[in-house]
Amino acid sequence: MTQAVLELDLHGCTVFQAEAAINAALRKSGGVYRIRLIHGCHTGTALRDFIRKRYRNHPKVLRLELGLNPGQTDLVLREF
């Protein structure tokens with residue numbers, strides 16, 4: 001059984017570490033339709049801003065969903 005949503009907790013990661021983890025998840029995203037990135041928002045917005053800018057136009061990402069939680073960004077890879 002494949003996992004429909006993959007969650008990555010990026011708390012405490014640098015931008016470089018987060019990018020490496022996200023790119024690895026995108027490479028292995030076979031049965032996943034969305035990657036939920038939990039980046040937090042209380043210690044600054046550098047990671048959130050990087051993710052939203054870098055992956056907004058990524059070829060594997062259909063769209064970004066921001067939702068109600070400001071500490072989370074979903075990369076939608078395909079429709080469920």
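Among the elements covering the buried residues of helix 2 are helix 1, strand 2, strand 3 (63-65) and strand 4. Helices (H or I, at least four residues) and strands (E, at least two) are DSSP runs, numbered from the N terminus. The buried residues of helix 2 are Leu47, Phe50, Ile51 and Arg52, where buried means under 20% relative accessible area, exposed over 50% and partly exposed in between (1.4 Å probe, protein chains only).

This is a predicted model, in which local features need pLDDT of at least 70 and side-chain atom pairs count only at pLDDT 80 or more, while totals for chains, interfaces and linings use all residues. Residues are numbered from 1 along each chain as its sequence is written, and side-chain values use heavy atoms, with hydrogens and water left out.

## Aromatic pair

The count comes to 1 aromatic pair, under a rule that pairs rings of Phe, Tyr and Trp (its six-membered ring) if their centres lie within 6.5 Å; planes under 30 degrees apart count as stacked, over 60 as edge-to-face and the rest as tilted. The ring centres of phenylalanine 50 and tyrosine 55 are 6.4 Å apart and the planes stand at 90°, so the pair is edge-to-face. Phenylalanine 50 and tyrosine 55 are both buried.

## Helix 1

Helix 1 has 13 residues and reaches 18 Å from its first C-alpha to its last, close to the 18 Å expected at 1.5 Å a residue; the expected span is 1.5 Å times one less than the number of residues. Ala18, Ile22, Asn23, Ala24, Ala25 and Leu26 are buried in helix 1. These buried residues pack against strand 1 (5-9), strand 2, helix 2 and strand 4 (72-76).

## Nonpolar core

A nonpolar core is a set of buried Ala, Val, Leu, Ile, Met, Phe, Trp, Tyr and Cys residues joined through side-chain atoms within 4.5 Å. The largest such core has 16 residues, of which Leu10, Ile22, Ile35, Leu37, Ile51 and Leu75 touch the most other members. Two or more residues come from each of helix 1 (15-27), strand 2 (34-38) and helix 2 (46-54), and helix 1 gives the largest share, 4 residues.

Contact means heavy atoms within 4.5 Å. Not counting residues up to four places away in sequence, leucine 10 touches Ala18, Ala21, Ile22, Leu37, Ile38, His39, Leu47 and Ile51. Leucine 37, found in strand 2, is buried with a relative accessible area of 0%. Leaving aside neighbours within four places in sequence, the contacts of leucine 37 include Leu8, Leu10, Ile22, Ile51 and Leu75.

## Arginine 34

Arginine 34 also lies in strand 2 and is buried, with a relative accessible area of 10%. The side chains of arginine 34 and aspartate 74 are joined by a polar contact of 2.8 Å. A polar contact is a pair of N or O atoms within 3.5 Å; within protein, one must be able to donate a hydrogen and the other to accept it, and residues adjacent in sequence count only if both atoms are side-chain atoms. Not counting residues up to four places away in sequence, arginine 34 touches residues including Val5, Glu65, Asp74 and Val76.

## Cysteines

The count comes to 0 disulfides, a disulfide being a pair of cysteine sulfur atoms within 2.5 Å. The sulfur of cysteine 41 is 16 Å from the closest cysteine sulfur, in cysteine 13, too far for a bond. Cysteine 13 counts as partly exposed at 27% relative accessibility, and cysteine 41 counts as partly exposed at 24%.
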